[in-house]
Amino acid sequence: MSALFSPIKLRGLELANRIMVAPMCQYSADNGEANDWHFTHINSLALSGAAMFCIEATHVEDIGRITPGCLGLWNDATEAALKPILASVRKHSKAAVAMQIAHAGRKGSSYRPWEGGQLIPQSAGGWQTVAPSAVPHKEGETAPLALDATGLARIRDAFVNTAKRADRLGIDAIEVHSAHGYLLHQFLSPIANKRSDQYGGSLQNRMRYPLEVFDAVRAAFPDHKPVGVKVSATDWVEGGWDIEQTIEYAHELKKRGVDWIDASSGGVSPLQKIPLGPGYQVPLAQAVRQATGITTMAVGLITEAKQAEEIVASGKADMVALARAMLYDPRWGWHAAAELGGQVSAPPQYWRSQPSTHKALFGPTTFGAR
Ligand SMILES: Cc1cc2nc3c(=O)[nH]c(=O)nc-3n(C[C@H](O)[C@H](O)[C@H](O)COP(=O)(O)O)c2cc1C
């Protein structure tokens, strides 16, 4: 019996296995609106065998986008663009669909990664970014504007507005993006947060805004639908955000009903030193799970079926999230199920691909001809 292919419940959402397709920006939207690329990409990975597909960082306002190509959900046009995609996924896939909701803060106004990923000056079509403090991400960059009370309220309300639109689109779960050096992580990390008001200084103060956003999103999204949080569990910089503070944050989120913590790392400082290697962030998920008992997702260089199985079976994490391995092998979940003796749901159009050595891979199937 595979642990990876055993069911799990996140609040009211039942998942047939422990695999999520991690959110992956596609940098391909027009004015935040999804298009034919997203249609193909999302429909394809909704058939990966993962029980849940998480839509890429979906931004809550236009200046909250990382790049001009980033996806948004802040008005009727961005909502309408996602509607046919969701309708198609529902028709052909049994995967649950989560959406990561995000604000880039001072990491907004960037060129797409394949254009170099650096800050776009306002003179070249970029925009003035906002952040907890007027401290640029990289030395020499134009500083962001420090958010005042009005700005904080606007962005919190934008998260709420996006959560409501996501619910209207039939999204099953929300992941609040509090990682990778984007706005909420900027509040948590003393590297980006130099405020002297109630949102800066002590850990309690640095957590205040992300927790206010979480509370507001949780209250706006239906009770039966789960809300998780992706964290950078450490900045990998001396004097930055670290696993001890992450555990305190997780305790606070637990009090507020968080349904999972997705444990990533880094992103707030170019000075980070990341010890990359297979499953390098798994100990971070494990530490959060052990200290808090929250359902935890491990993410980062999980590429092999047996590796994922071991993470879940040994209790290091409750679920795994995979990004690059899913792009490389969009049927990763099928192949893992075949290897581990699990079962996945596949559309009938593809049933004939079931290997003769794995007759139960797709569960009960029939196909005939005359
Ligand atoms: C193309 C691409 C886009 C990504 N976009 C996002 C994103 O929108 N939100 C996020 O939290 N992480 C994003 N990530 C990070 C992944 O979700 C994941 O945390 C990271 O890639 C490590 O997992 P992996 O080794 O399985 O790729 C992205 C990664 C890739 C490769």
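The largest cavity has a volume of about 40 Å³; a cavity is a set of points, on a 1 Å grid over the protein atoms alone, where a 1.4 Å probe fits but cannot get out. Grid points are joined across faces, edges and corners, and a volume is the space filled by probe spheres set on the points. The structure is a predicted model, in which local features need pLDDT of at least 70 and side-chain atom pairs count only at pLDDT 80 or more, while totals for chains, interfaces and linings use all residues. Residues are numbered from 1 along each chain as its sequence is written, and side-chain values use heavy atoms, with hydrogens and water left out.

A search of the whole structure finds one cavity of 30 Å³ or more. The lining of the largest cavity, that is, residues with an atom within 4 Å of a point, consists of Val 21, Ala 22, Pro 23, Met 24, His 41, Ile 42, Phe 53, Cys 54, Ile 55 and Glu 56. Helix H1 (36-45) and strand S4 (52-59) each supply at least two residues of this lining, and S4 provides the largest share, four residues. Helices (H or I, at least four residues) and strands (E, at least two) are DSSP runs, numbered from the N terminus. By class, eight residues of the cavity lining are nonpolar, one is polar and one is charged; Ala, Val, Leu, Ile, Met, Phe, Trp, Tyr, Cys and Pro count as nonpolar, Asp, Glu, Lys and Arg as charged, and the others, Gly among them, as polar.

Pockets, in contrast to cavities, are open sets of points with protein on both sides within 12 Å along at least five of seven lines. The largest pocket has a volume of about 1400 Å³. It is lined by 48 residues, of which Tyr 27, Lys 107, His 180, Tyr 182 and Gly 267 are the closest to its centre. Strand S12 (319-322) and helix H9 (324-328) each contribute at least two lining residues, with H9 giving the most, three residues. The lining of the largest pocket comprises 23 nonpolar, 19 polar and six charged residues.

An N or O atom in the side chain of Arg 324 lies 2.6 Å from an oxygen atom of the ligand, and the protein covers 84% of the 600 Å² of accessible area that the ligand has on its own, as given by the Shrake-Rupley method with a 1.4 Å probe.

The second largest pocket holds about 490 Å³ of space. Its lining has 27 residues, and Lys 94, Ala 95, Val 344, Ser 345 and Ala 346 lie nearest its centre. Strand S2 (13-15) supplies the largest share of this lining, three residues. By class, the lining contains 15 nonpolar, nine polar and three charged residues.

Technical notes. A polar contact is a pair of N or O atoms within 3.5 Å; within protein, one must be able to donate a hydrogen and the other to accept it, and residues adjacent in sequence count only if both atoms are side-chain atoms.
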